[in-house]
Amino acid sequence: MIQKRELAALKADNPVEYYVLHTSMTQKGDELRSEMEGKWRLVGAHSRRTGGFVFLQPGNYFFKMFTETNWAIATYDADSNLLYSASGRYTLQGENYSEYIDAATGMMKQYLHANPHFKIRVIGDKYYQMGPGKKPSIEEMWQRVDQ
């Protein structure tokens, strides 16, 4: 069992792992789907380079959008040029979220027709997404973007 002090450190150092693995989901039924809807900006992610969680600097251009049935990501450079994008449908069962990559551009083309699975949480204005396993390939924290 993780002690209170270790949990506090984990919350500060890797909020995705903290919220996805150590908190209970509060939404019921379609509440989570409804809370996911909208536009999000990536504010933190697991770094393959350092092996740790990294908080991104303000002004990055990584966006994710959800509707009731579909998702999309778009990444831009500082001059508003699209670097890559991907989109498709998704399924949601409790905290288990699965994307279907139905369309992709740029570096995302390599994932076309893939069906990755994640565990997620939406807490306030943050969306947390974590891949399966002891060393998940994806850990992302997104901040809601006001419309």
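Q: Why is Glu 31 called partly exposed in this predicted model?
A: The relative accessible area of Glu 31 is 41%. Buried means under 20% and exposed means over 50%, with partly exposed in between, so Glu 31, at 41%, counts as partly exposed. Glu 31 is found in helix 3, which covers residues 31-36.

Q: Why is Leu 82 called partly exposed?
A: Leu 82 has 44% relative accessibility. That value falls between the 20% and 50% limits, so Leu 82 counts as partly exposed. Its place is in strand 5, residues 82-93.

Q: Which residues form a nonpolar patch with Leu 82?
A: Tyr 61 and Tyr 76 form the surface patch with Leu 82, and together the three have about 260 Å² of accessible area. The patch is called nonpolar because Leu and Tyr are among the side chains listed as nonpolar.

Q: Is Arg 121 buried or exposed, and how do you know?
A: Arg 121 has a relative accessible area of 4%. Buried means under 20%, so Arg 121 is buried. Arg 121 lies in strand 8, residues 117-123.

Q: What makes the pairing of Arg 121 with Glu 95 a polar contact?
A: The two side chains are 2.6 Å apart at this contact.

Q: Which backbone oxygen lies 3.3 Å from a polar atom of the Arg 121 side chain?
A: The backbone oxygen of Val 20 lies at that distance. The value of 3.3 Å is also within the 3.5 Å limit.

Q: Why is Ser 80 called exposed?
A: Ser 80 has 57% relative accessibility. Exposed means over 50%, so Ser 80 counts as exposed. Ser 80 is in the loop between strand 4 (70-76) and strand 5, and has a positive phi of about 70° although it is not a glycine.

Q: How do you know that His 113 is exposed?
A: The relative accessibility of His 113 is 64%. The cut-off is over 50%, so His 113 counts as exposed. His 113 lies in the loop between strand 7 (103-105) and strand 8. Its phi is positive, about 75°, although His 113 is not a glycine.

Terms used: Residues numbered from 1 in each chain as written. Predicted model: local features only at pLDDT ≥ 70, side-chain atom pairs only at ≥ 80, totals over all residues. Heavy atoms only, no water. Patch = residues over 30% accessible without salt bridge, like charges linked within 9 Å, V, L, I, M, F, W, Y side chains within 5 Å. Areas by Shrake-Rupley, 256 points an atom, 1.4 Å probe, with all protein chains shown as cover. Salt bridge = Lys/Arg side-chain N within 4 Å of Asp/Glu carboxyl O. Helix = DSSP H or I, 4+ residues; strand = E, 2+ residues; numbered from the N terminus. Buried < 20%, exposed > 50% of the residue type's maximum accessible area, 1.4 Å probe, protein only. Polar contact = N/O pair within 3.5 Å; in protein donor to acceptor, adjacent residues only side chain to side chain.
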